[in-house]
Amino acid sequence: MEALYSNLAIFVLSLLVGVEVIGKIPSTLHTPMMSGSNAIHGVVIAGAVATASVANSPLGYVLTFIAAALAAANVFGGYVVTDRMLQMFTRHAPAPAVTAPAAPVAANSKDPS
Amino acid sequence: MTLFAFVIGVIYLAAATLFVVGLHLMRLPSTARRGNLISAGGMVIAVAATIVFSLINSGGSWIGWLALVLGAAGGAAFGIIRARTVKMTDIPQLVSIFNAVGGGAAAAVAFADFVLHTSGARLDLTSSIPIVLDVVIGSVTFSGSLIAAGKLQGIISGSPITFPGARIVNVVAIGVALAAGVFAIVIGDNILFLVVVLVASLLFGVLMVLPIGGADAPVIVSLLNAFTGLAVAMAGFAINNQALIIAGALVGAAGTILTLQMAKAMNRSVLAIVLGGFGTGDSTSSAPADAQDLADVHELTADDVAVQLAYAQHVMIVPGYGLAAAQAQHEVAELAKLLMAHGIDVKYAIHPVAGRMPGQMNVLLAEANVPYEQMLQLDAANVAFDNCDVALVVGANDVYNPDARKPGNPVSGMPILDVDHAKSVVILKRSMRPGYSGISNPLFTDPKTGMFFADAKKGLADITAAVKEYVPA
C-alpha cells in the first residue's frame with residue numbers, strides 16, 4: 001500500500017506539472033510539442049526492458065518482443081521526427097530585411113542577437 | 001529499499017527533470033530543438049538505468065533479452081526510417097501511428113506482467129487493477145490510433161462511418177471489456193479474461209474512431225495521445241516503475257490540455273466530437289445552395305490577383321488545410337518572397353486549428369524557409385488585418401467566417417481571423433464547397449472579395465508567374 005500511495009502521489013503531481021508546463025506553449029509549436037510529448041511516452045521501452053528481464057515463458061518472450069518493437073518505434077521515431085521539425089524552426093536568420101508594418105518601435109530597437 | 005534501488009530511483013528523478021525541462025524549453029522556437037534533445041537525454045538515462053537495474057536485480061533468461069534486442073532493433077529501424085522520410089504534410093498520421101505503438105507497447109507490458117503471475121502467486125489488487133486499466137486504455141489507443149491514421153492518410157474514408165446499431169455494439173464492447181476486467185481482477189490468475197478484455201477493447205477503439213469525421217481526426221489524435229500517456233502511467237503502476245508513471249502522467253496532461261485547446265478553437269466540445277456531432281458529413285448536403293451563391297461571386301484570374309498583390313503595401317496570407325493538402329507551402333513562400341523583394345510587406349495569419357493539427361501550418365511554412373517572425377498568431381494577425389490591403393486566403397473555409405460573430409449557427413462563438421477587416425480579399429480555393437462546418441461563408445459573396453478557383457499549388461504558381469510580369473525581377 002505504501003508503494004501504491006507514493007506512486008499515486010507521483011502520478012498526480014506529474015499531471016499537475018504537465019498541465020503547468022504545457023499550458024504555456026504557443027499554438028505555433030503545438031505540432032512539434034505533441035510530437036515531442038509523443039516521444040516521451042516512448043519511455044514505455046523501459047517497461048519492455050523490465051519485462052524482458054523477468055520473462056520466463058514462450059508467451060512472455062513473444063510479449064517482450066512485441067512490447068520492445070512497438071516501444072522502440074515510438075521512442076526512436078518520435079525523437080527523430082520532432083528534431084526534424086524543430087530544426088526547421090531554428091535554422092533561419094534572426095530577422096527578415098523587411099520591417100514590420102506600422103511599427104515605429106522597430107526603427108529604434110536594436111537587434112538583440 | 002536497497003541503496004541500489006535508491007540510486008536507480010534518483011536517476012529516474014533526474015530523467016523526469018530532464019523531461020520537464022525539455023518540454024518547458026519547447027515553448028520558444030529558438031530553444032525548442034534543445035528542449036527535445038534534453039528530453040531525449042532524459043530518455044537515454046532512464047532506459048540505461050532500467051537496463052542496469054534489470055540485469056543485476058532479476059537477470060532473466062537470454063531468450064528474453066534476445067527477444068528484447070530483436071524487437072527493439074526492428075522497431076527502431078521502422079521508427080527512424082518513417083521519421084526521416086515522412087512528408088511534413090503527413091506528420092499528423094505519423095504522430096497517430098506513434099500513439100498506436102506506444103499504447104500497444106504499454107498494453108503488452110501489462111499483459112506480460114499478468115502472464116508472469118498466472119503460474120505462481122496471485123496478483124494483489126495494487127497490480128491487477130492497473131494491469132486491467134492499462135490493457136483497456138492501451139488497446140483502445142492502439143486500434144483507435146491506427147484508424148485515425150488511416151483516416152488522415154485517406155486509406156479509410158474521412159467521412160463518418162456508421163452502421164445501424166453501432167452505438168449498441170459500442171456499449172456492448174466496453175461493457176464486455178469492463179466485466180471481463182473485473183473477473184480478471186477478482187480471479188487474478190486466469191489469462192482468458194484478460195484476452196477478452198484485450199479483444200473487446202481493440203474492437204471498442206475501432207468503433208470509437210470510425211464514426212468521427214476526418215476533420216475532427218486531429219482532436220482524436222490529441223485525445224489518443226493523452227490516452228497513451230495514461231496507458232504508460234498505468235504500466236508504471238503495474239510494474240512499479242516511477243519513470244513510466246512520471247512520463248506517462250506528463251504526456252497525459254499534455255494531451256488533455258491540447259485536446260481542450262483544439263476543441264475550443266474549433267468551437268466544439270470534446271464530447272460532441274467523440275459522439276459524432278454536427279458537421280459530420282454535412283458538407284455534401286448543403287452543396288445545392290451554392291448554385292445561387294455563384295451569381296454573386298466575383299471570379300478572378302491569376303492575372304487579376306497578381307495586379308492586386310503587386311500594387312498592395314501590406315499583404316496577409318491566410319493558409320488553410322487546402323494549402324497543406326496540395327503541399328503548396330513552397331509555392332506560397334516563393335510568392336511571398338517575390339512580393340517582399342518588391343518592397344511589399346507580407347505576413348502570414350495562422351489560425352490555431354488551421355490544417356489538420358494545431359501548429360501544422362507553422363511547421364509547413366518553416367519547412368519552406370519562412371521566418372518564424374512572419375507567422376502571426378490569431379491576436380497579432382487580427383490587429384494587422386485593419387491595416388492590410390489584400391488578404392490572400394489559401395484553401396481555408398471556416399476559420400475566418402464572419403458569421404462566427406453572430407449567434408445561432410454552427411460556427412457561432414468560434415475565434416476567427418478578421419479577414420473581412422482587410423481592404424480587399426482574395427480567396428483561393430478549388431470550389432464553392434463549404435468547409436467541414438457545412439455552412440457557406442458570407443465573405444465568399446462579399447463585394448470586396450474575389451474568388452480564384454484553383455488547386456492551391458497550381459493557383460499560387462500561376463499567381464507568382466503573373467506577378468513576375470508586373471514586378472521587374
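Lys458(B) is exposed, with a relative accessible area of 52% (exposed means over 50%, buried under 20%, partly exposed in between; 1.4 Å probe, protein chains only). The side chain of Lys458(B) meets that of Asp462(B) in a salt bridge, 3.1 Å from N to O (a side-chain nitrogen of Lys or Arg within 4 Å of a carboxyl oxygen of Asp or Glu). This is a predicted model: local features need pLDDT of at least 70, side-chain atom pairs count only at pLDDT 80 or more, and totals for chains, interfaces and linings use all residues. Residues are numbered from 1 along each chain as its sequence is written, chains are lettered from A in the order in which they are written, and side-chain values use heavy atoms, without hydrogens and water.

**Salt bridges**

- The count over all chains is nine salt bridges.
- Lys458(B) and Asp462(B) sit four residues apart in helix 18 (residues 456-470) of chain B, so about one helical turn separates them (helices are DSSP runs of H or I, at least four residues, and strands runs of E, at least two, numbered from the N terminus).
- Asp462(B) is partly exposed, at 30% relative accessible area.
- Lys423(B) pairs with Asp389(B), their closest N and O atoms being 3.2 Å apart.
- Lys423(B) lies in the loop between strand 4 and strand 5 of chain B, and Asp389(B) in the loop between helix 17 and strand 4, so the pair ties together parts 34 residues apart in sequence.
- Lys423(B) is exposed at 53%, while Asp389(B) is buried at 17%.
- Arg405(B), Asp418(B) and Asp420(B) are linked in a network of salt bridges.

**Where the chains meet**

- Contact (heavy atoms within 4.5 Å) involves 87 residues of chain A and 108 residues of chain B.
- The two chains bury about 8400 Å² between them, 76% of it on carbon and sulfur atoms (accessible area, 1.4 Å probe, lost on being put together, summed over both).
- One salt bridge is counted between chain A and chain B.
- Asp83(A) and Arg33(B) meet in a salt bridge at 2.8 Å, N to O.
- Asp83(A) is buried, at 18%, and Arg33(B) is partly exposed, at 30%.

**Nonpolar cores**

- The largest nonpolar core has 161 residues; Leu194(B), Leu309(B), Ile317(B), Tyr348(B) and Leu460(B) touch the most other members (a core is a set of buried Ala, Val, Leu, Ile, Met, Phe, Trp, Tyr and Cys residues joined through side-chain atoms within 4.5 Å).
- A second, separate core of 29 residues includes Leu378(B), Phe385(B), Ala391(B) and Val419(B).
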